[in-house]
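Welcome! Open your viewer and get ready to select a few residues one after another.

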Amino acid sequence: MKNLIAFTAVFLIWTLISLMLTGIDIPIPSSYIALMITANAVFAFFSIFVQKLVITLYEVNVYEQPRTFLDYCLKYIAIITSGVNYHIQHMLNRLPIILNKLASVFFFLFLIFTGFGLMAVFN
């Protein structure tokens, strides 16, 4: 039951944050994607410098067994805000350090350009 209530609470909070983007003419279903890309871009930026920490943070929040209501909420927040970044960084972690950092920078730039491209569609 905690799982369902936490998912609903996080979804409602994410919807309220998404409603703020209607002021810059991004409709509600697309604003979910815009927020996800932006949040993943923030985590991708941090992954350039502290990749292991970002990977560990995601794994602790998502893969460990949640005990409290807050743990369930953090699980869903982590999935929404850094899920895409986690899976890409987990794959890039196997590369040699130079290629790893170069690919991480390109992934960050890709997310930035995708986010601005999405916003350009609506403005």
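This is a predicted model: local features need pLDDT of at least 70, side-chain atom pairs count only at pLDDT 80 or more; totals for chains, interfaces and linings use all residues.

**First stop: Gln51**

Residues are numbered from 1 along each chain as its sequence is written, and side-chain values use heavy atoms, with hydrogens and water left out.

Gln51 belongs to helix 3 (residues 51–63); helices here are DSSP runs of H or I with at least four residues, strands are runs of E with at least two, and both are numbered from the N terminus. Now show what surrounds Gln51. Contacts (heavy atoms within 4.5 Å), leaving aside neighbours within four places in sequence, include Phe46, Leu92 and Ser104.

**Second stop: Leu102**

Which helix holds Leu102? Select residues 97–122, and you have helix 5 with Leu102 in it. Leu102 counts as partly exposed because its relative accessibility is 44%.

**Last stop: the whole chain**

Zoom out. How many helices and strands are there in the chain? You will find five helices and zero strands, running α-α-α-α-α from the N terminus on. The C-alpha atoms fill a box of roughly 45 × 40 × 15 Å along the principal axes. Of the 123 residues, 35% count as buried.

How values were computed
Buried means under 20% relative accessible area, exposed over 50%, partly exposed in between (1.4 Å probe, protein chains only).
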